[in-house]
Amino acid sequence: MIELNAQTIAFAILSVLVLGGGLGVVTTRNLVHGALWLVLSLLGVAGYFVLLSAPFLAAVQVLVYIGAIAILIVFAVMLTRSMTSLGEVRNRQWWLSAITVILLFLLLAVGIILPVWGRGAPGEVTSLSATVGGAVELGEALVAGDGFVLPFEVASILLTAAMIGAIVVARDEEDEGA
Amino acid sequence: MTDIPVLADLNLAWTWPVVGLGLGATLLLVADLFIPRDRKQQTAWLALAILLVSFLLNLAAFPVVDSAFFGMFVVDPFSAFLNLIALTTAFISILLSVDYLQRSGMQRGEFYALILFTTAGVMLMGHANDLVVVFVSLELLSIPLYILAAFRYPDVKSSESGMKYLVLGAFASAFFVFGAALIYGATGSTSLPHIFEVVARGFAAGGAPELLLLVGTGLVLVGLGFKVAVVPFHMWTPDVYEGAPTPVTAFMSVGAKVGGFAALLRILVFALPVLSTGAVEASAWQQVVSLIAAATLILGNVVAIAQQNVKRLLAYSSIAHAGYIMMALAAAGHAGFGEQATRAALVYMLAYMFTNLGAFAVAIAIEKGDGSGSDLEQFVGLGRSRPLLAGIMAFFMLSLTGIPLTAGFIGKWLIFQVTIEAGLVPLAILGVLTSVVSAYYYIGIIVRMFLREGEGDPAAGGTGLVNGAVYLTFAGTLLPGIFPYLMTDLTRVVSTTPVGG
Amino acid sequence: MLQTEAYVMLSMVLFVLGAMGVMLRRNAILVFMSVELMLNAANLALVAFARQWGNSDGHLFVFFVITVAAAEVAVGLALIVAIFRTRRNINIDELNQLQG
């Protein structure tokens, strides 16, 4: 059923990256290592975006997620100087959490794998690679007719609010000399 | 090739209550730079003026049904009614904040701008006609609240409250996005009217709904359940409410819930009413919502009894009230009851808004400048030192319980009525029983105020503005209690038909 | 050509992995990283479905998710710094000024 070609091999390698990175984040005892595992996982997702013919999003993923978000997290780790050797790995009610996670997994497994499985029948997915995903198409969709103008504007307000808020929270009152 | 849309295409005319508020909040940030540090109250007056303008614009838009921004933004009586609630909440919260910020030394202009931003988020949740817009508005509602919760610097309790809220809020958002992704996967669109059409077509064809859609809806319910704080997604509420500055808590307890329920109603009742597993009578999500409502009613009301801090008590009380609104949502899942239940939920939210903000106003009046003094014991003897304040507080407590002649009674009455008519009799009985339980802790406060001897004057923070807010909310609780049509007439034009596409 | 199911299954596993991280770990920064994993899982599902349906709604959703995630992380970093300035640890469980 699954033929062995370049795409399948790339998918397999990326899966190892993404899931391995994720597992690393969840189990690590060292915050800096955790951040690196996260970068690995995010990079894998960018690779998937390329496979899914969304090259622009792949670039955004690398620039914003790895370039900005992951780096911010590394900053947070360094600023708080609590980077190495976390004493305790699990929280107190870990067994309760574990049960919840298993339930969530079963729910999703039943709900997602069953319905999606039937979809991949040949012929149904003919026009896959022809889909939009380039910068031009996305840019047009953001502003053109039936486009996403409203969320775009709301997102810009949101970024303003978040920026102002982050400054308010993080600035040191004593430095102002007020 | 691409048509560049001009302003006229966006059909902005009826969007001005929200657009104007966002614009006003941004301009307020600029204006704040020119206001000297010792006169930051002026920023608050400006913010109140912006809210007032938005309120009037919204009244003008009330009966209109239209869509804007290429169908992503709905204007209808449902959203206009929610706007009234959101704007009044913000107005009263700012009245409560001005002197509170002053005496606890955190008077900052940004506070008011952030309140306006989060209010715009709440309003957009009601207007949203697309899952992407719901998501972005949800974040516009949440992110300023994370910051506001942490506003009392350098109090660790407040910063931690903000952090806890942020982490759990982000967790909830992730559930929402994954759920929305699955809904998109099942229907091929993020537009709510389009989703409605696809689901209705599938239902008409007689097929069972896709599991993908069901699971997606469930995950969206989890994500929004965190926002409105229903059991089992309520754990963060008491901690965050206790740690945040009290006026922020007041806003959160109403604003965040109203926004969350607006989105829940839009998604479940407007877009997915016929999502059904074969039984024609009820939507597939009805049972889950009923279970959540029942658990929320029981836990919220029972745990509230043990609380010794008024902010924690009101936190559990707000969880319990979310349970009553969930009851209406469950009733809305029954075929043909969508509109009646939505109206009941709207009336309930309006009544809850006035009563709950009033209770918080009194709590602020007796709180000390350093943020302490929110123990229930502070209420002891209030009936003697401040009879008027205590009397009004007693009235708020009766309204939260749902005693006749209060707005809270009207809200509960409508919800119980629609729940029984929709055939969910056990749930309605549970609602009545838990109301009786709630009387225990609400009346406990009345007993403390009037029947126990206290000393001193606890009402240190009862400044003119706070008292103004107390009287305003008192009027809002009393008048609809006596003249119910003040509230119910406003909802008469509300319809749950999806608008535009 | 790999089918949508492979991507969606993988995104589901990543989502559960992230949820596991949020629920099992105590450190606020690690919890935050786990939330990022969950958001990435959602993004992956969105892009896979976008290819399936052949429209760009999913891609635009991802665009906004990334924007919002950046805003959230910025605010989160500010809060972490604010907390750390007054207290020297950031374990979620040990945010015990608020009993919980």
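Some ground rules. Residues count from 1 along each chain as its sequence is written, and chains are lettered from A, with ligands numbered from 1, in the order in which they are written. In this predicted model, local features need pLDDT of at least 70 and side-chain atom pairs count only at pLDDT 80 or more, while totals for chains, interfaces and linings use all residues.

pLDDT is the predictor's confidence in each residue, from 0 to 100. Chain A averages 79. In chain A, 75% of the residues score at least 70. Residues 120–127 of chain A fall below 50. That stretch has eight contacts in the model beyond near neighbours in sequence; a contact means C-beta atoms, placed from the backbone, within 7 Å. Where pLDDT is low, the predicted coordinates should not be read in detail.

Next, chain C. It has three helices and zero strands. Both are DSSP runs numbered from the N terminus: helices are H or I, at least four residues, and strands are E, at least two. The order is α-α-α from the N terminus on. Of its 100 residues, 77% are buried, that is, with 20 or more other C-beta atoms within 10 Å of their own, again placed from the backbone. Among chain C contacts with a separation of 6 or more, 49% join residues 24 or more positions apart.

Now the contact between A and C. Chain A puts in 74 residues and chain C 65. On the chain A side, the elements giving two or more residues include H1 (6–27), H3 (55–80) and H5 (135–143). H3(A) gives the most, with 13 residues. That side divides into 52 nonpolar, 17 polar and five charged. Nonpolar here is Ala, Val, Leu, Ile, Met, Phe, Trp, Tyr, Cys and Pro; charged is Asp, Glu, Lys and Arg; the others, Gly among them, are polar.

Take one crossing. The axes of H5(A) and H3(C), residues 57–86, come within 10 Å and cross at roughly 80°. So H5(A) is roughly perpendicular to H3(C), a label for angles of 65 to 115 degrees. Axes are lines fitted to C-alpha atoms, for helices over the stretch in contact, with angles from 0 to 180 degrees between N-to-C directions. H5(A) brings Leu138(A), Ala141(A) and Leu142(A). H3(C) brings His59(C), Leu60(C) and Phe63(C). By class, that is five nonpolar, one polar and no charged.

Last, chain B. Of the 18 residues in H8(B), 16 are buried. Ala229(B) follows H8(B), with a positive phi near 60°.

Definitions and conventions
Contact = placed C-beta atoms within 7 Å. Parallel < 35°, antiparallel > 145°, perpendicular 65-115°, else oblique. Buried ≥ 20, exposed ≤ 12 C-beta atoms within 10 Å, placed from the backbone.
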